[in-house]
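Thank you all for coming, and please bring the structure up on your own screens, so that you can follow along while I talk.

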Amino acid sequence: MMGMKRIYKNQLLFIVALFAVALYLFPLYWMYTTSLKTDTAIFAIPPQLLPSSPQWQTYIDVWNGSNIVRYMSNSVFIATGVTLVTVIFGSGASYVLARYRNVWIDISLFTVLMLQVLPPSLMVTPIFVAFASIGLLEYPRIATILAFSAKTMPFFVILCRAAFMTIPRELEEAALVDGNSRAGAFVMIVLPLARNGILVAALLIFMQGFGEYVYSASLISDNRLQPASIGMTNYLQPNIVTWNSIMAFAAIYITPILAAFVLLQRHIVNGLTSGALK
Amino acid sequence: MNIDDSTIQIGFTDVNKFYGAYHALNSINLSIPKGQFVALVGPSGCGKSTLLRTLAGLEEISSGTINVGGRTVNDIPPRKRDLAMVFQSYALYPHMNVRENLTYALRLKGVSKEIRANKADEVAAIIGLEDLLDRKPRELSGGQRQRVAMGRAIVREPQAFLFDEPLSNLDASLRVRMRKEIRALHERIGSTSVYVTHDQVEAMTMADHVVVMRAGKIEQQGVPLDLYKNPANCFVAGFIGSPAMNFIPGVIDESGESVTLDFEESPSLPIAQSMQPGRPVVVGLRPEHVELGDAQSCGYAAISISSVEETGSTTYLFSSATPELVIVADGSQQVRSGDVIGVKIAPTNVHLFDPETEVSLSNG
């Protein structure tokens with residue numbers, strides 16, 4: 001009797017989970033199908049679940065006509081920059097926050113978490129004014145990288161701190177007694193052991209940087225330096241909105257990152273949970 | 001073994017350590033001659049590990065001086081102290097194989113790859129790990145990890161070996177075996193060793209010199225059997241020896257040559273020295289020093305037994321009177337709970353302590 005109940009419960013939960021996944025993935029599905037539909041098919045009632053005659057030409061037109069390569073290289077540039085800045089400064093910071101315990105560390109951690117709460121749209125105006133006054137807006141992509149790194153840093157620090165905390169202190173002490181300096185023990189013992197956690201966090205930061213919108217929109221005025229997230233909005237014009245082109249652009253934009261995520265998902269999940277479980 | 005070599009290898013002079021208001025090490029004075037095996041023993045939280053860690057340089061001291069090989073090392077970082085340490089958790093580097101673990105310290109010293117490889121083979125032969133050099137620590141059993149940790153210390157040929165409870169993660173039989181191996185290794189290499197343990201049997205069996213600590217202080221230090229025979233106070237008396245010494249309050253008789261115990265029928269025990277009549281004392285009796293006999297015989301005191309634990313080789317008897325008296329008897333003794341038996345103790349085996357200061361009153 002109990003066994004039957006449990007099976008029903010599991011099946012019910014499974015159906016709920018399936019439904020939730022479908023709900024989350026539906027926009028993605030809609031993006032891909034819409035990108036292949038004709039203008040009339042997009043607004044057909046009842047909506048077509050699958051395009052009756054896939055318009056592959058839309059992809060060719062978008063690829064050729066919208067500078068998508070330039071936009072995407074800018075996205076990669078910004079995402080790489082954000083990742084590098086975050087990882088280089090964040091690793092050291094999270095190590096210190098993981099190793100020392102006192103009231104100042106608690107205050108810093110709280111502040112770091114507070115920063116995570118502030119939305120970019122709130123921060124962007126003061127950042128704009130500050131960057132303008134020190135001339136950083138001359139290099140708008142660098143400005144965006146710095147501004148967005150401040151946003152990704154707390155997330156990275158929290159993830160990495162968890163990774164560092166799983167590394168026994170005795171390993172470092174053994175390295176110190178064996179002849180390492182403090183910094184040497186960090187580089188030769190702690191970093192290699194925290195590598196998975198750091199890589200996963202870095203990958204997540206890269207993805208965030210790749211999709212960044214708010215700071216790019218405000219800090220980068222030169223069209224040639226804008227990332228794909230901004231480039232996409234060129235299709236949104238006051239009178240005509242070419243939905244299939246926007247969706248094709250979006251598909252080209254996110255498919256590589258989606259593929260990377262699917263390929264690496266096992267490592268990502270491992271990296272995220274190892275700190276919590278061990 | 002070169003105990004008579006009087007050169008002091010490690011010296012603590014008036015070492016104090018505070019964690020905030022907590023006095024973790026209280027005026028530690030300790031000299032360790034070259035080649036000696038010293039055990040620091042005490043209950044958890046007594047400061048023995050802290051003392052070892054200050055020696056390694058992993059903790060700073062608040063005052064005093066620490067000397068290693070004639071050099072004051074107070075402000076010298078761990079890497080320059082030339083001491084090797086074996087940790088309780090072994091602390092093997094998980095991302096390196098056994099060979100790399102063994103020779104990590106040499107690599108940091110800039111020793112060439114060929115010499116390192118030779119050294120690794122040499123040490124692996126000593127500790128019996130020749131076949132495991134390419135394994136990662138996670139592929140080793142507890143005992144093998146323990147050996148790698150030892151090998152990593154040996155390979156450096158340091159001024160001294162520091163052991164921080166290295167056997168406490170092993171099961172009982174392996175622990176006994178490693179105890180002998182570590183001792184044999186020490187005699188073979190002849191280097192100075194400082195060994196921290198909470199297990200008094202380990203300390204007594206392995207060390208040339210035992211240091212008993214409590215609450216950040218050295219309570220007594222000396223040759224193992226001397227601590228057993230002549231404990232300086234109640235704490236050391238109770239800590240050294242298993243099962244622990246029995247403590248029973250008593251008063252010195254009018255003759256000054258015997259003590260009356262505040263126990264069951266107030267038996268009187270002859271003592272080996274002359275004391276002031278009427279003086280209150282604490283009488284310490286080791287369970288293994290209690291001799292059994294007929295309760296009616298002359299010289300024997302009658303006590304009733306409440307419970308009996310038989311292990312085969314030895315039998316533990318527990319008195320029904322309080323404070324509970326524990327007796328270790330030969331396994332052939334036929335005593336059952338509820339029996340009344342006769343006991344006596346040789347005068348030289350009666351330890352007397354001051355009830356206030358807990359300091360030993362026996363002159364020995």
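This is a predicted model: local features need pLDDT of at least 70, side-chain atom pairs count only at pLDDT 80 or more; totals for chains, interfaces and linings use all residues.

In helix H8 (169-178) of chain A, the residues A:Leu171, A:Glu172, A:Ala175 and A:Leu176 meet A:Ala185, A:Met188, A:Ile189 and A:Val190 of H9(A), where two residues are in contact if their C-beta atoms, placed from the backbone, lie within 7 Å, and where helices (H or I, at least four residues) and strands (E, at least two) are DSSP runs numbered from the N terminus. By class, this contact of H8(A) with H9(A) has 7 nonpolar, no polar and 1 charged residues, with Ala, Val, Leu, Ile, Met, Phe, Trp, Tyr, Cys and Pro counted as nonpolar, Asp, Glu, Lys and Arg as charged, and the others, Gly among them, as polar.

Residues are numbered from 1 along each chain as its sequence is written, and chains are lettered from A and ligands numbered from 1 in the order in which they are written.

How do the axes of H8(A) and H9(A) cross? They come within 10 Å and cross at roughly 135°, where axes are lines fitted to C-alpha atoms, for helices over the stretch in contact, and angles run from 0 to 180 degrees between N-to-C directions. That makes H8(A) oblique to H9(A), since angles under 35 degrees count as roughly parallel, over 145 as roughly antiparallel, 65 to 115 as roughly perpendicular and the rest as oblique. The crossing of these two helices, H8(A) and H9(A), is right-handed, a term used if the near helix is turned clockwise from the far one by less than a right angle, with anticlockwise giving left-handed.

The contact between the chains takes 14 residues from chain A and 17 residues from chain B. On the side of chain A that touches chain B, the elements giving two or more residues are helix H8 (169-178) and helix H9 (182-210) of chain A, and H8(A) gives the most, with 7 residues. That side of chain A divides into 8 nonpolar, 3 polar and 3 charged residues.

Turning to chain B, helix H3 (residues 113-127) and helix H4 (residues 142-154) pack at an angle of about 130°, with their axes 10 Å apart, which makes H3(B) oblique to H4(B). Here too H3(B) passes H4(B) in a right-handed crossing, and B:Val123, B:Ala124, B:Ile126 and B:Ile127 in H3(B) meet B:Arg147, B:Met150, B:Gly151 and B:Ile154 in H4(B).

Chain B also has sheets. In one open sheet, 4 strands stand in the order E2-E1-E4-E5 with antiparallel pairing, two strands being paired if DSSP finds at least two bridges between them. Strand E2 (22-33) and strand E5 (71-72) of chain B stand at the edges with a single partner strand each, so one side of each is left without a neighbour in the sheet. Strand E1 (residues 8-19) of chain B pairs with E2(B) over 8 bridges, and B:Ile10 stands opposite B:Ile32 in E2(B).

Another open sheet has 5 strands in the order E15-E19-E16-E17-E18 of chain B, again with antiparallel pairing, and its edge strands are E15 (291-293) and E18 (326-330) of chain B.
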